[in-house]
Amino acid sequence: MGDGGPARTGGPAEGGCALVITSWAPGKLFVAGEYSVVEPGGPALLAAVDRGVSVTVGSASDRVAVRVRSDLAPEITEYDRVHGRLQPRQADPGFEHVLSALGVVTDLLAERGLEASPMEIRIKSKLHDSGTKFGLGSSGAVTVATIAAAAAFHGCALDRTARFRLAVLAAARLDPRSSGGDLAASTWGGWVEYRSPDRHHVLELADRIGIDRAILVAEWAGCRVRSLTVPKRLRFLIGWTGRPASTRAMVAGLHATSRTRELAYQLFRHRSDNCALGAISALRTGDRSEFLERIRCARTLLAQLDADAGLGIFTHRLRTLCDSAEALGGAGKPSGAGGGDCGLAVFDDETGTRAAELRDAWHAAGIVALPVDISAPRKAVVS
């Protein structure tokens, strides 16, 4: 479990599988590098949070291929395996990320001459409020946790890098524009410097040489995941606007056929890459003042992209969230694609006084200060 391997409880089941496997993965914040990170090799800075998603996999009867119980859906969903793919017996409540994760594990097993056993999957998420997502990377967290638990349930020993790569493949099968940054944060925990692989190449590679070789042997050019240490005096607050947003829709809107948007994006990319690299460098050197400036820079760049491309990144509450932080001497920005969800504020504040003032200002503006903190790098991402 030193690198975050799943926890086992119960005795061995037929075929050597453990009866119950539980895996936990944290949610994430995008701190710098949103949008431009979708380009292969694009740099970004992310942080995992201390809330996440747990996935428990156990044996199911042979009458069903997969049974899913989730605190996000009122009903149990059952799936049959038809031509190698899972098909719901009733209306599917939207477990596409879980199904894609199970799909890559099933394909990996098949390459190794193994067959997926009937599974009962239980999902518990702390990244939602009464079913409404906070925008803290629940899709990435459930993908990472499902892959870890399902692979271990079938006796597949995978290190952290292999689990991350499987998660990237699962996400790319749903949408190749997905950068994978959330998956890196959910796999490694803590603060993460990230550069994205070419997801189209990953898909082609898996099809051409097989998943096993693609995740264990092949080089992923340009991809990087590196843990970072953050100066202790920096304080972070996460504010929720109360309005959910779709990252997939926002990124797709940016890449819609529009000459104006394309020109705005290309200008943004170069500046955003420099800003993200500057933020990463500031963390490495412990330069708190420079780090705050880079967060302000990231906000300015997103605002300019929003003005040029008309994406709707900044809602009224996201602007208020950022303005309130800067009025108190801190830095604030949206986390992720914007359009709602969360924003973050950063202070060089040893006493925590200004952080308390910001919570009051957010409350007056209808912004919820989430009781969420940045997680430490995890030696184990399971419970």
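Two strands are said to pair if DSSP finds at least two bridges between them. In this predicted model, that definition applies to strand 13 and strand 14 (residues 342–348), which run antiparallel and are joined by four bridges. Within this part of the structure, Ala-331 stands opposite Val-346 in strand 14.

- Four strands form an open sheet with antiparallel pairing, and their order is 13-14-12-15.
- Strand 13 (331–334) and strand 15 (368–369) stand at the edges of the sheet, where each has a single partner strand, so one side of each is left without a neighbour in the sheet.
- Helix 9 (residues 288–309) lies across strand 12 (234–240), strand 13 and strand 14, and helix 9 runs at about 35° to strand 13.

**Two packed helices**
- Two packed helices are described by the angle between their axes and by the distance between the axes.
- Helix 3 (residues 160–174) packs with helix 5 (residues 199–209) at an angle of about 105°, and their axes are 9 Å apart, which makes helix 3 roughly perpendicular to helix 5.
- In helix 3, Val-168, Leu-169, Ala-172 and Arg-173 meet Arg-199, Val-202, Leu-203 and Ala-206 in helix 5; by class, this contact has six nonpolar, no polar and two charged residues.

- Glu-120 is found in strand 7 (residues 119–125), and Glu-120 counts as buried because its relative accessible area is 13%, where buried means under 20%.
- The side chain of Glu-120 makes a polar contact, at 3.1 Å, with the side chain of Arg-122.
- Leaving aside neighbours within four places in sequence, the residues in contact with Glu-120 include Thr-56, Gly-58, Arg-67 and Arg-69.

Note on methods:
Residues numbered from 1 in each chain as written. Predicted model: local features only at pLDDT ≥ 70, side-chain atom pairs only at ≥ 80, totals over all residues. Heavy atoms only, no water. Helix = DSSP H or I, 4+ residues; strand = E, 2+ residues; numbered from the N terminus. Buried < 20%, exposed > 50% of the residue type's maximum accessible area, 1.4 Å probe, protein only. Polar contact = N/O pair within 3.5 Å; in protein donor to acceptor, adjacent residues only side chain to side chain. Contact = heavy atoms within 4.5 Å. Axes fitted to C-alpha atoms, helices over the stretch in contact; angles between N-to-C directions. Parallel < 35°, antiparallel > 145°, perpendicular 65-115°, else oblique. Nonpolar A, V, L, I, M, F, W, Y, C, P; charged D, E, K, R; others polar.
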